[in-house]
Amino acid sequence: MKNILLWLLLLINVCMLGCSSSSGFTQEDLQTVLETEWQTYSRDKTNFGGGIAMQILCPWGDYFISSGMGSGMDNSHRFRTASVTKTFTAASIMLLHERGQLNIDDKLSDNIPGTESPYFPYNIPHRNEITIRMILMHRAGIFDLTNTEIKDNAASHGKPYVGKYYIDESMIPPNEEHQFTFDELFRVIESDEQIGFEPPDSKYAYSDTGYTVLGYIIERVSGKSYEAFVRDEFLNPNGLLNSSLPWRGADRTLPAPFVNGYAWDGSTLTDVTVDNMSAYVGNGNMITTPLDLATWAKKLLTGRTALSKDTVELMKAGLPSEGTSTYGLGIKYTPRLGYGHGGDHQGYATFMFYKPEHDIAYVVLMNIWDMSDWTASYAAQHTFMANTVLKIFTKMGLS
């Protein structure tokens, strides 16, 4: 017994020494870095608003820092995490795959196992060639209704939304609460014969609507709504109780407490917090908090959800996307940032990543879109977020 106690005391001392030597920084040190970066980024922008926040879960402690969002900002404030929702959709598909309720190498036209019903009855282009795996990896060529103007072709010619973004066009006032449905969205692609690229699996091209298809498949296979399946299998079991998935067109606000989202055009700041998310079920409709999302990153990517570790490794194995990044089954890998996903919905920009070499999960949130130079200024904002992460890591003594 004495030997065991001595060994335990030695182990505790070693751990304390290791933690002390690895965590030569304080909360205040990280806060100072963030405030310095935010002041540099925002100081020459007239009528600018919003700010930046970061949640870190690491072996040396949990840290939350923010700048520009007000003194009351904390890690329980809700925001729209947009495309990070895709990690929940991908995890749901992979859980159904593990259970034998679907096969990710089945085609959309194949029947759901044990039934005579196809996964996807809509006759969109290349339905007989597209697999669930291709959609997960954005390699299916499914037309993206969120980010692509409707193309003028023989099937769509003369329709009022040709050359426009269908979702935006459908919510022009007084239709802000228009209730989008899976059927409506898929009928546009089907009837207008819209194609992202062809043939399927010939390249990577990001498609929000591809993940809308996956949300629909989750409902058909599980017999539950998308929201109920994610809640029952992932949110509740993992204690992510401040996260939700609004799907009604009239459900346009965020539960309190929340952080407002803003858009800036170079001179005018506009509050864009209120929005209709019914068109983004499965691809971007999640509302969450910095703490919930960082907890999800850590649990998902360390194999501590309902998914097996082998399945998580499969999700992480990616093919080239843009730059040096790769995209797997709903999981993106970016050198120096880690495994995870980004998300962008008007007024909110999010990074959610896990770095396995340091066992660190983190979330970076900005509640402002800099649209002063359209895509160029917004790309610069993403670069700012990434560089800020790296400076925080440097302060933490990490490479």
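E10 and E11 run antiparallel and are joined by 7 bridges. One place to look is Gly-343, which stands opposite Thr-350 in E11. Please bear in mind that this is a predicted model.

These two strands belong to an open sheet of 8 strands, and if you read across it the order is E2-E1-E12-E11-E10-E9-E8-E7. The pairing in that sheet is antiparallel. At its edges sit strand E2, residues 61-67, and strand E7, residues 319-320, each of which pairs on one side only.

Next, what lies across this sheet? Helix H9 does, over E1, E2, E10, E11 and E12, and it runs at about 35° to E11.

H9 also packs against another helix. Two packed helices are described by the angle between their axes and the distance between the axes. For H3, residues 85-98, and H9, residues 290-301, the axes come within 11 Å and cross at roughly 35°. The crossing of H3 and H9 is left-handed. On the H3 side the contact is made by Thr-87, Phe-88 and Ala-91, and on the H9 side by Leu-293, Trp-296 and Leu-300. Sorted by class, that contact has 5 nonpolar residues, 1 polar and no charged ones.

There is another sheet to mention, an open one of 3 strands in the order E5-E4-E13, with mixed pairing. Its edge strands are E5, at 269-271, and E13, at 368-370, and each pairs on one side only. Neighbouring strands here are turned by 20° against each other on average, direction ignored. E4, residues 262-264, runs parallel to E13, and 3 bridges join the two. Trp-264 has Asp-370 in E13 as its bridge partner.

Now the empty spaces. Rolling a probe the size of a water molecule over the atoms shows where empty space is left.

The largest pocket has a volume of about 1,600 Å³. It is lined by 47 residues, and the closest to its centre are Asn-147, Asp-344, His-345, Gln-346 and Trp-369. Which elements supply at least two residues each to this lining? They include strand E9 (332-334), strand E10 (338-345), strand E11 (348-355) and helix H11 (375-395). H11 gives the most, with 6 residues. By class the lining holds 21 nonpolar, 17 polar and 9 charged residues.

The second largest pocket holds about 190 Å³ of space. Of its 15 lining residues, those closest to the centre are Phe-182, Glu-219, Trp-247, Ser-278 and Val-281. Helices H6 (182-192), H7 (208-222) and H8 (226-235) each supply at least two residues of this lining. Its residues divide into 7 nonpolar, 6 polar and 2 charged.

About 50 Å³ of space lies in the largest cavity. Among the residues lining this cavity are Ile-124, Pro-125, His-126, Ile-130, Phe-143, Ile-189, Gln-194 and Phe-197. The cavity lining divides into 9 nonpolar and 3 polar residues, with no charged ones.

Terms used:
Residues are numbered from 1 along each chain as its sequence is written. This is a predicted model: local features need pLDDT of at least 70, side-chain atom pairs count only at pLDDT 80 or more; totals for chains, interfaces and linings use all residues. Side-chain values use heavy atoms; hydrogens and water are left out. Two strands pair if DSSP finds at least two bridges between them. Helices (H or I, at least four residues) and strands (E, at least two) are DSSP runs, numbered from the N terminus. Axes are lines fitted to C-alpha atoms, for helices over the stretch in contact, and angles run from 0 to 180 degrees between N-to-C directions. On a 1 Å grid over the protein atoms alone, a cavity is a set of points where a 1.4 Å probe fits but cannot get out, and a pocket is an open set with protein on both sides within 12 Å along at least five of seven lines; lining residues have an atom within 4 Å of a point. Grid points are joined across faces, edges and corners, and a volume is the space filled by probe spheres set on the points. Ala, Val, Leu, Ile, Met, Phe, Trp, Tyr, Cys and Pro count as nonpolar, Asp, Glu, Lys and Arg as charged, and the others, Gly among them, as polar. A crossing is left-handed if the near helix is turned anticlockwise from the far one by less than a right angle, and right-handed if clockwise. Contact means heavy atoms within 4.5 Å.
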